[in-house]
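Here is a short briefing to read with the model open beside you.

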Amino acid sequence: MSERRLSVPAIRSSKRSNGDEPLVMVTAYDEPSARFVDAAGVDMILVGDSVGNTVLGFNDTLHVTIEMMVHHTAAVARAQPDALIIGDLPWMSYHVSSTQAVESAAMLIRAGAQAVKLEGGSNRAEAVRAIVDAEIPVMGHIGLTPQSVNAMGGYRVQGKSIEAAEELRAGARALEEAGCFGLVLEGVPEALGAAVTAERSIPTIGIGAGPRTDGQVLVFHDILGLGNRTPAKFVRVYADIGSQITTALQEFCGDVRAGTFPGEDESYATSEKLSEHLEHE
Ligand code: KIV
């Protein structure tokens, strides 16, 4: 087992209100992306079910299966990162029963994750309790939960009314009481992100939840400008790697068509003896 940058107990007790630095989590879905993310020094790598949108070409995360998540989690684990690997439980891998939830979580742990994440509030407390009881650390995820896209009627900011905000706060409490070591808060008003953060003793990791959470998470492809659609309001794009990739590939196409690739440097030398033999054939 590699020496983790931060263990689950260290993350569980990390709160900005205690003077701790904000936690950083970024998604990765394969060995190279995990290597890059780990080299940057993140605390947690989330093998998110966003792999469905970012890598597999689906329009939502609902098509992602536990087998796909096992495949991608194992690839990330092969990078042997120092960051904690969190495997995302996909839709329908934990909704049927507690037994199913534990078995799905175990598949991600055996693939190389150290913890799992699942979406939902009070309605998922039982599944969380069962997984934690099997010694598997669980991160919760509330607010804009992409697996509920149909129930929410689209990808919309959640917790905007007083009733919805209270339900979300109750969900956060239920998840902490069920044993979650952290909570992703996605797509909620800034002040609600701050309120949930203040009243919970486990860290909140925000994505579109304002600056007052205990940490932040973004999707690898969004940070690097690799997406195929306009990023959400909460994304900050730090590089335009997508354009750089296209430019590099266009140059390669041009070189091949102009006959300038490969050159001498990219070719293997031929001995004089072999050259003479080939010329006189
Ligand atoms: O799947 C994912 O990438 C996520 C993050 C957006 C938190 O759940």
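Which residues of helix 8 are buried? They are Ala165, Leu168, Gly171, Ala172, Ala174, Leu175, Glu176 and Ala178. Please keep in mind that this is a predicted model.

**Helix 8 and its surroundings**
- Helix 8 covers residues 162-178, 17 residues in total. From its first C-alpha to its last it reaches 24 Å, close to the 24 Å expected at 1.5 Å a residue.
- An α-helix has 3.6 residues a turn, so residues three or four places apart point the same way.
- Just after helix 8 comes glycine 179, which takes a positive phi of about 115°.

- Arginine 200 is found in the loop between helix 9 and strand 7 (204-207).
- Is arginine 200 buried or exposed? Its relative accessible area is 13%, and buried means under 20%, so arginine 200 is buried.
- The side chain of arginine 200 makes a polar contact of 2.5 Å with that of glutamate 176, which is itself one of the buried residues of helix 8.
- Leaving aside neighbours within four places in sequence, arginine 200 is in contact with Lys15, Ala172, Arg173 and Glu176.

**The ligand and its shell**
- The residues around the ligand are Thr27, Leu46, Gly48, Asp49, Ser50, Asp88, Lys117, His141, Val184, Glu186, Ile207 and Val219.
- By class, this shell has four nonpolar, four polar and four charged residues.
- Oxygen atoms of the ligand lie 3.0 Å from an N or O atom in the side chain of aspartate 49, 2.5 Å from one in the side chain of serine 50, and 3.0 Å from a polar side-chain atom of lysine 117.
- On its own the ligand has 260 Å² of accessible area, and the protein covers 95% of that.

**Valine 76 in helix 4**
- You will find valine 76 in helix 4 (residues 66-77).
- Valine 76 counts as buried because its relative accessibility is 0%.
- Beyond its neighbours within four places in sequence, valine 76 is in contact with Ala28, Tyr29, Asp30, Glu31, Ala34, Ile45, Val47, Pro81 and Ile85.
- Valine 76 and leucine 226 are 150 residues apart in sequence, and their C-alpha atoms are 18 Å apart in space.

How values were computed:
Residues numbered from 1 in each chain as written. Predicted model: local features only at pLDDT ≥ 70, side-chain atom pairs only at ≥ 80, totals over all residues. Heavy atoms only, no water. Near = heavy atom within 4 Å. Polar contact = N/O pair within 3.5 Å; in protein donor to acceptor, adjacent residues only side chain to side chain. Areas by Shrake-Rupley, 256 points an atom, 1.4 Å probe, with all protein chains shown as cover. Nonpolar A, V, L, I, M, F, W, Y, C, P; charged D, E, K, R; others polar. Helix = DSSP H or I, 4+ residues; strand = E, 2+ residues; numbered from the N terminus. Expected span 1.5 Å × (residues − 1). Buried < 20%, exposed > 50% of the residue type's maximum accessible area, 1.4 Å probe, protein only. Contact = heavy atoms within 4.5 Å.
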